[in-house]
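I open a new page for this structure.

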Amino acid sequence: MGIVKISDELHDEVRKASATMVRSINAQAEFWLKIGMLAEANPQLTFSEIIREQMNRAAVDLEKFSLEQREH
């Protein structure tokens, strides 16, 4: 584990986002770092595609949460 210095302004935004997303400040910052790294490594993918791929890799059954599935 290490320490990353960020601006006070960015820290405030991380704090607000973490409250909205029900994550700790550190978890929110780590999420943004991971997604940013994945986006840079895969510029052809959208945010939604990156999230879907990560969910698939974790074997999350996204069909259980599909709104289209619930309508039928």
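My entries follow, one topic at a time.

**Ground rules**

I am working from a predicted model, in which local features need pLDDT of at least 70 and side-chain atom pairs count only at pLDDT 80 or more, while totals for chains, interfaces and linings use all residues. Residues are numbered from 1 along each chain as its sequence is written, and side-chain values use heavy atoms, with hydrogens and water left out.

**Confidence**

I looked up pLDDT, the predictor's confidence in each residue, from 0 to 100. The protein chain has a mean of 91, and 94% of its residues reach 70 or more. I then asked which element has the lowest mean pLDDT. It is helix 4 (residues 67-71), with 64. Helix 2 (residues 25-41) has the highest, 96. I keep a caution here: where pLDDT is low, the predicted coordinates should not be read in detail. Helices in these notes are DSSP runs (H or I, at least four residues), numbered from the N terminus; strands would be E runs of at least two.

**Salt bridges**

How many salt bridges does a search of the whole structure find? It finds three. The criterion is a side-chain nitrogen of Lys or Arg within 4 Å of a carboxyl oxygen of Asp or Glu. For exposure I use relative accessible area: buried is under 20%, exposed over 50%, partly exposed in between (1.4 Å probe, protein chains only).

I started with Arg 15 and Asp 12. Their closest N and O atoms are 3.9 Å apart. Both residues are in helix 1, three residues apart, so about one helical turn separates them. Arg 15 is partly exposed at 40%. Asp 12 is partly exposed too, at 33%.

Next I took Lys 16 and Glu 13. Here the closest N and O atoms are 2.9 Å apart. This pair also lies in helix 1, three residues apart, about one turn of the helix. Lys 16 has a relative accessible area of 42%, so I log it as partly exposed. Glu 13 has 40% and goes down as partly exposed.

Then I went to Glu 53 and Arg 57. Their side chains meet in a salt bridge at 2.9 Å, N to O. Both lie in helix 3 (residues 47-57), four residues apart, about one turn of the helix. Is Arg 57 buried or exposed? It is exposed, with a relative accessible area of 66%. Glu 53 is partly exposed at 34%.

**Ser 18 and Gln 28**

I looked up Ser 18 in helix 1 (residues 8-21). Its relative accessible area is 4%, so it counts as buried. What does Ser 18 touch, not counting residues up to four places away in sequence? I find Arg 23, Ser 24, Ile 25 and Gln 28. A contact means heavy atoms within 4.5 Å.

Gln 28 is buried, because its relative accessibility is 1%. With residues up to four places away in sequence left out, Gln 28 touches Val 14, Ala 17, Ser 18, Met 21 and Arg 23.

**Met 55**

Met 55 sits in helix 3. At 33% relative accessible area, Met 55 is partly exposed. Beyond residues up to four places away in sequence, it touches Val 60 and Leu 62.

**Nonpolar patch**

Which residues form a nonpolar patch on the surface? I noted Val 4, Ile 6, Leu 10 and Trp 32, with about 370 Å² of accessible area together. Patch members have over 30% relative accessible area and no salt bridge; nonpolar side chains (Val, Leu, Ile, Met, Phe, Trp, Tyr) are joined within 5 Å, like charges within 9 Å. The areas come from the Shrake-Rupley method with a 1.4 Å probe, and for residues only the protein chains shown count as cover. I checked Ile 6, which is found in the segment before helix 1. Ile 6 is partly exposed, at 39%.

**Positive phi**

Most residues other than glycine have a negative phi. I logged two entries against that background.

Val 22 has a positive phi near 55°. It is in the loop between helix 1 and helix 2. Val 22 is exposed, with a relative accessible area of 73%.

Ala 59 has a positive phi of about 60°, although it is not a glycine. Where is Ala 59 found? It is in the loop between helix 3 and helix 4. Ala 59 counts as exposed, at 67% relative accessibility.
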